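I opened my notebook to record what I looked up in this structure.

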Amino acid sequence: MVKLATLFVCQSCGTSHGKWAGRCEACGGWNSLVEESADSGPVSTKPKARPRSSRGIAFHDLQSTEPPLPRMQTNIAEFDRVCGGGIVPGSALLIGGDPGIGKSTLLLQAAAALSKNGAKVAYVSGEEAIDQVRSRARRLGLEGAHVMLATETALGPILDSLKHEKPDFVVIDSIQTLWSDALGAAPGSVSQVRACAQELTRFAKKRNCAVVLVGHVTKDGQIAGPRVIEHMVDSVLYFEGERGHQFRILRAVKNRFGPTDEIGVFEMSDAGLREVTNPSALFLDGREDCATGTAVFAGIEGTRPVLTEIQALVAPAAFGTARRAVIGWDSSRLAMVLAVLETRCGFSFGGKDVYLNVAGGLKVSEPAADLAVAAALISSALDLPLPPKAVVYGEIALSGEIRPVSRIGARLKEANKLGFKHAVGPLGRNTEKAERNLGCTIAKMVKLSDLIDLIDTRESVAARE
Ligand code: TYD
Ligand code: MG
């Protein structure tokens, strides 16, 4: 009797293991291994004998004689910019995000906008009934848009209909609900998600139809996350935000046709997602200038400068072990800034809880935020405010030196626009030129101890009193 081999596949990173374990050795995820039969690959991928008279492959020039097809514009500027200036015909796009963050809302708005611009658009939902999608469209005021709507989870019929209808743009909501009958695995498992994504990507290229796959990010590993298909698609966008905030951020993490790390900012309202064209003003809304423990970071998100408020609280530890809690920034980076402050400047955080928060739900990943984080921490620990109307930027080296950062001009111009006339930053090649051109004053930091001296001056003591 032939015994079917089984594999244990991690549902979060896709690695196969020979035997079950509580923790995936590759990604470190707990309880993410699920049994799948080893023969569950697509039937067509079984090795075939190579035909004797192979056709070979055709080679082409790099230069094309035909002009490239124009990108499809949704005219939702935040969405188009994150895609690199519109959607490329025939491309495959993955939009990942937590359940309930607003992926379906965004894509229904984008689909309706494209149809208004003359594109033939289809929306295939595997999660909601036709009436549910219709009621969302009504809520968004889009019921008049020409979007072909379908609810289906079987891949075969979806592909057949798409081949027949020949749309320019298709939304598949979501990839985790699809299943292909060529496989024995359950819908949502790594094999199914991979196989369906591969088929749809191939379809996109062959038929020149842009395909958008929606993928839920799951933390419990019950269904395969979008990470297992990131390498197949042309662009990967993540839709993120805190549930408690109405801001939503669309971030490009991979883009074969444009820059990555670009962000689009939206606000979730009663009538769907609204674009936020000036995110700095939104993130700084309601800020009190002389509060202690806050610093305004002049950051760059993709191609755009964005100001955000960094808040810190240094409090006596209530229990034996001190807590470090971070929202919107990397916790190991916070540990590094604390260690540099302790070792190079003699600033002790022992026996103290440290809380750090980036206001507005934005996730900052730039190292240039180091100095703003340090400024907020020092300001909270000393209970002294930072100089008023000042933005902060700069990278901290392990030696305690402050390193220059890129695009100072863009950072300061944005600060100027919002009424910040002062800056605290590293001494770099372009610092003086920027100061002269923009008419702002920069407190130039060489070492981290300079920042402590700046905050702990008589003026800031006076401002507090
Ligand atoms: P949805 O697009 O269904 O999320 P996802 O597809 O990522 O799971 O959005 C669901 C949330 O958005 C839901 O909590 C309600 C909220 N919402 C609004 O606040 N306003 C609206 O106009 C719409 C359509 C949804
Ligand atoms: Mg949805």
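**Entry: helix H4.** I began with helix H4, residues 155-165. Helices here are DSSP runs of H or I with at least four residues, strands are runs of E with at least two, and both are numbered from the N terminus. Which residues of H4 are buried? I found Leu155, Ile158, Leu159 and Leu162. Buried means under 20% relative accessible area, exposed means over 50%, and partly exposed is in between (1.4 Å probe, protein chains only). Looking down the axis of H4, I saw its buried residues fall within an arc of 95°, so they line one face of the helix. The arc is taken from the directions from the helix axis to the C-beta atoms.

I then checked the face of H4 turned away from the buried side: Asp160 and His164 are exposed there. What do the buried residues of H4 pack against? I noted strand S5 (121-125), strand S7 (169-173) and helix H5 (190-207). Contact means heavy atoms within 4.5 Å. Lysine 166 follows H4, and its phi is positive, near 50°.

**Note on the model.** I am reading a predicted model, where local features need pLDDT of at least 70, side-chain atom pairs count only at pLDDT 80 or more, and totals for chains, interfaces and linings use all residues. Residues are numbered from 1 along each chain as its sequence is written, chains are lettered from A and ligands numbered from 1 in the order in which they are written, and side-chain values use heavy atoms, with hydrogens and water left out.

**Entry: serine 180.** I looked next at the loop between S7 and H5, where serine 180 lies. Is serine 180 buried or exposed? I read 13% relative accessibility, so serine 180 counts as buried. Leaving out residues up to four places away in sequence, serine 180 touches Leu155, Gln192 and Cys196. Leu155 is also one of the buried residues of H4.

**Entry: strand S20.** I moved to strand S20, residues 422-426. In S20, 4 of the 5 residues are buried, so the strand is largely enclosed by the rest of the structure. Two strands pair if DSSP finds at least two bridges between them. Strand S17 (residues 390-392) runs parallel to S20, joined by 3 bridges. Strand S21 (residues 441-445) is also parallel to S20, with 5 bridges. I traced valine 424 both ways: its bridge partner is valine 392 on one strand, and in S21 it stands opposite alanine 443.

**Entry: isoleucine 408.** I found isoleucine 408 in helix H9, residues 408-417. Isoleucine 408 is buried, at a relative accessible area of 7%. Which residues does isoleucine 408 touch, not counting those up to four places away in sequence? I listed Tyr393, Thr431 and Ala434. I also checked valine 133, 275 residues apart from isoleucine 408 along the chain: their C-alpha atoms are separated by 46 Å.

**Entry: an open sheet.** I turned to an open sheet of 3 strands, in the order S2-S1-S3, with antiparallel pairing. Strand S2 (16-17) and strand S3 (33-37) each have a single partner strand, so one side of each is left without a neighbour in the sheet. Strand S1 (residues 6-10) pairs with S3 over 5 bridges. There, phenylalanine 8 has glutamate 35 of S3 as its bridge partner.

**Entry: domains.** I ended with the domain assignment: domain 1 (2-42), domain 2 (77-277) and domain 3 (281-464). Such bounds come from an automatic or database domain assignment. The C-alpha centres of domain 1 and domain 3 lie 45 Å apart.
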